[in-house]
Amino acid sequence: MTEKNVAQIIPLRADRQRPDRAKRCRVLAMLLGILFVWLLHDANKPSTDLKDILKCATDNLHGDLSFLDTAKPIQADEFFERRDRLARALVASNADAFVLEPGFSFQYYGNTSQTDWEPWEPEERPFLMLILPQISQSGDVSAKTAFLAPHFEEGRVRMLGIPSREDELDIVVWEEHWDPYATLLESRLFTSSNDSTTRRAPRLIVDDEIRDFISRGLTNAGFETVGLTPEVELIRQVKSPAEVEILRAVNTGTVAAVRATRPCLVPGLTENEVRDILNEVLLSIGFGLFFNIVLFEEDGALPHGGFIVGTKKVTQDTMIVIDIGAHYLGYASDICRSFFIDPVPPNSISRVTSWLLLPMPEPVRDIPNLGLREEKLKVWDVVLEAQSAAAAALKPNNTAASVDVAARSVIQDAGYGERFTHRLGHGIGIKAHESPYLNKWNREVRLQPGMTFTNEPGIYIEGKFGVRHEDVYLVKQDGQAELLTGRRAVSPYSP
């Protein structure tokens, strides 16, 4: 080949290489750009760091705190009105007084919250509150409130801030070497009973939380003691508008906290970690912690879990059951949600390998429980249907039993009757569990407007999973129960 021919060929090859090199550079730049976009997208994926998950949940919840707007502390006039209603109930029950010691009833009638009276933890020295009916010449009934306290504690009792119509609290004091119950019987509070010509044993209705040794001490001193009557129980069972708004706030807020936390949860978290995150979320809005039961898969097949739970890890196939309560302005929440976490999105490497038609790694799945998914979805829907049936039965004059039966029939018809292992629900107020109780044997109690109940059907398949939906309802005069938890669950991904 001549030098001239070689010179002609070399430029031709160089000309062909230039466009090939440029083309490869453009393709490489395009791939790098696509990879950068995918990596940027991955930066928005949920973090697995616990601090980031907590921030995600807290930010979600704080986006709308309007559920707190209508809740206000109970005012002094309402405590007086409660005592007056109780006084009328005592007259109807043919009782001379209602007696109670520090606890939930003391909080209800005396405006001492749990934290307020905890430093005065009930001990061997009785500190009692008494509410007595006073009947005016016109026949009007009002409440007289008095206290029995150790003499050396009198000053501390006066510092509790208990609402009173009198300038000072009426306190019967007793010395350490006296019989406190005999001192009470012989006091000015029961002068008519001490009249020798008409002497009779004063009839006391004792609170259901009062300790046995106090009840026995009162009886031995000469009082007649009896348990709660239906008229007295009804006072706390029927809630005032102010109580309803507090219950609405604390129960809606507790549901909102669970709902705000769910999308932030990622595979690998343990039951204990989810519990701790949720506790912090509740504290961030001023709620007091009460109880928090977080159960995964077969742990949730026992309604309240077992003794050894907390370490199971969540996957995208895990049925999560969270039964949780909090306190706000002296009132309790008690709600439950059952749900899945969001499916894990493919990561950037998965997208690249898929685009290049390379083998792609499978996401981590709970293989043994994949076959349960359809049954989990079915059970979830059955429980929601049962809850709907019970809500429709929460009407004035219906029996407590009929509400339980309404939900239980749905679950029975679906073939899971033996898997619904507890009552349907209970009253709720300053205590999470109050009377009346919604069970199929409670045929005597009839619902009244103003009563508030949990509605919490469940299905539990031991060794596999459980599902429970729990919301709080208010019985209304017009017959349609009002939801006090914001909104009900919609799906396992929108609880």
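Does Cys-56 count as buried, partly exposed or exposed, and what is its relative accessibility? At 29% relative accessibility, Cys-56 falls in the partly exposed class, because that class lies between the 20% limit for buried and the 50% limit for exposed. Please keep in mind as you look around that this is a predicted model.

**The disulfide and the cysteines**

- There is one disulfide in the structure, and it joins Cys-56 to Cys-264 with an S to S distance of 1.9 Å.
- The link of Cys-56 and Cys-264 is left-handed, with -75° about the S-S bond.
- This pair ties together distant parts of the chain, 208 residues apart: Cys-56 sits in helix 2 (residues 50-62), while Cys-264 lies in the loop between helix 11 (241-261) and helix 12 (271-283).

- Helix 2 has 13 residues and spans 18 Å from its first C-alpha to its last, close to the 18 Å expected at 1.5 Å a residue.
- Ile-53, Ala-57, Thr-58 and Leu-61 are buried in helix 2.
- Viewed down the axis of helix 2, its buried residues fall within an arc of 130°, so they line one face of the helix.

- Six strands make up an open sheet with mixed pairing, and their order is 4-3-2-1-5-6.
- Strand 4 (171-174) and strand 6 (224-226) are at the edges; each has a single partner strand, so one side of each is left without a neighbour in the sheet.
- On average, neighbouring strands of this sheet are turned by 25° against each other, direction ignored.
- Strand 1 (residues 97-100) and strand 2 (residues 128-135) run antiparallel and are joined by three bridges.
- Leu-100 stands opposite Met-129 in strand 2.
- Helix 3 (residues 76-92) packs on the sheet, where it touches strand 1, strand 2, strand 3 (141-150) and strand 5 (203-206).
- The direction of helix 3 makes about 100° with that of strand 3.

Notes
Residues are numbered from 1 along each chain as its sequence is written. This is a predicted model: local features need pLDDT of at least 70, side-chain atom pairs count only at pLDDT 80 or more; totals for chains, interfaces and linings use all residues. Side-chain values use heavy atoms; hydrogens and water are left out. Two strands pair if DSSP finds at least two bridges between them. Helices (H or I, at least four residues) and strands (E, at least two) are DSSP runs, numbered from the N terminus. Axes are lines fitted to C-alpha atoms, for helices over the stretch in contact, and angles run from 0 to 180 degrees between N-to-C directions. Contact means heavy atoms within 4.5 Å. A disulfide is a pair of cysteine sulfur atoms within 2.5 Å. Buried means under 20% relative accessible area, exposed over 50%, partly exposed in between (1.4 Å probe, protein chains only). The expected span of a helix is 1.5 Å times one less than its number of residues. The arc is that of the directions from the helix axis to the C-beta atoms.
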